[in-house]
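Dear colleague,

I am passing on a structure for you to look over, and my notes on what turned up in it follow below.

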Amino acid sequence: MAKAKDVTTMMVLLITIMPLAAHGSRLYSWANRLEETSKEKVTNLQFYFHDTLSGKNPTAVKVAQGTDTDKSPTLFGAVFMVDDALTETADPKSKLVGRAQGLYGASCKEEVGLIMAMSFCFEDGPYKDSTISMIGKNSVMNPIREMPIVGGTGMFRMARGYAIAKTNWFDPKTGDAIVGYNVTVVH
């Protein structure tokens with residue numbers, strides 16, 4: 001009789017435990033723990049961002065501004081939508097590696113500073129159809145600026161890192177600029 005009771009107890013335990021085991025590491029109906037791995041890659045990218053506000057085919061256009069933006073020496077309140085070329089070198093005719101798509105806005109009253117929210121969308125090489133996303137403050141008058149990489153897609157899924165920007169060329173009359181980006185990404 002004791003053996004039958006032990007078998008019954010074991011059966012109840014198995015019936016209780018089996019559904020939990022079948023779900024693996026399922027925490028809740030809406031949350032699952034995925035595979036954990038320590039195999040992260042670090043990638044360094046160097047490219048040039050061509051921001052063109054002038055001419056017949058600008059790649060950055062003002063889409064909004066505050067009521068006092070025209071009176072502001074820093075253009076505080078101006079918002080621009082961007083679809084800028086990313087090239088291999090500072091020469092605008094060099095190989096196109098992707099596009100910078102997103103927006104930036106003049107977010108500082110005391111300095112020329114932008115809040116930038118954009119994706120670097122790669123169109124060439126091993127990272128074709130992959131993106132990295134950057135959002136952060138760009139103090140454009142500083143010779144070197146650092147901004148965070150906060151995500152990505154494709155080969156850069158779950159990316160994090162930083163972008164170092166350095167102005168290569170700037171036309172104060174038009175606002176056109178070529179900016180070198182050195183980006184380090186952990187993914």
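A residue is called buried here when its relative accessible area is under 20%. Please keep in mind that the model is predicted. By that cut-off Ser-72, which has a relative accessible area of 16%, counts as buried. Ser-72 sits in the loop that runs between strand E4 (60-64) and strand E5 (79-87), and its side chain is joined to that of Thr-74 by a polar contact of 3.1 Å.

The other part of the picture concerns the aromatic residues, for which a search of the whole structure finds eight pairs. In one of them, the rings of Phe-47 and Phe-120 have centres 5.1 Å apart and planes at 65°, so the pair is classed as edge-to-face. Because Phe-47 belongs to strand E3 (residues 42-51) and Phe-120 to strand E7 (residues 113-122), this pair ties together parts that are 73 residues apart in sequence. Phe-47 and Phe-120 are both buried.

Strand E3 also contributes Phe-49, whose partner Tyr-181 lies in strand E11 (residues 177-186), so that this pair ties together parts that are 132 residues apart in sequence. The arrangement of Phe-49 and Tyr-181 is tilted, at 5.5 Å centre to centre with 55° between the planes, and both residues are buried.

Key
Residues are numbered from 1 along each chain as its sequence is written. This is a predicted model: local features need pLDDT of at least 70, side-chain atom pairs count only at pLDDT 80 or more; totals for chains, interfaces and linings use all residues. Side-chain values use heavy atoms; hydrogens and water are left out. Rings of Phe, Tyr and Trp (its six-membered ring) pair if their centres lie within 6.5 Å; planes under 30 degrees apart count as stacked, over 60 as edge-to-face and the rest as tilted. Helices (H or I, at least four residues) and strands (E, at least two) are DSSP runs, numbered from the N terminus. Buried means under 20% relative accessible area, exposed over 50%, partly exposed in between (1.4 Å probe, protein chains only). A polar contact is a pair of N or O atoms within 3.5 Å; within protein, one must be able to donate a hydrogen and the other to accept it, and residues adjacent in sequence count only if both atoms are side-chain atoms.
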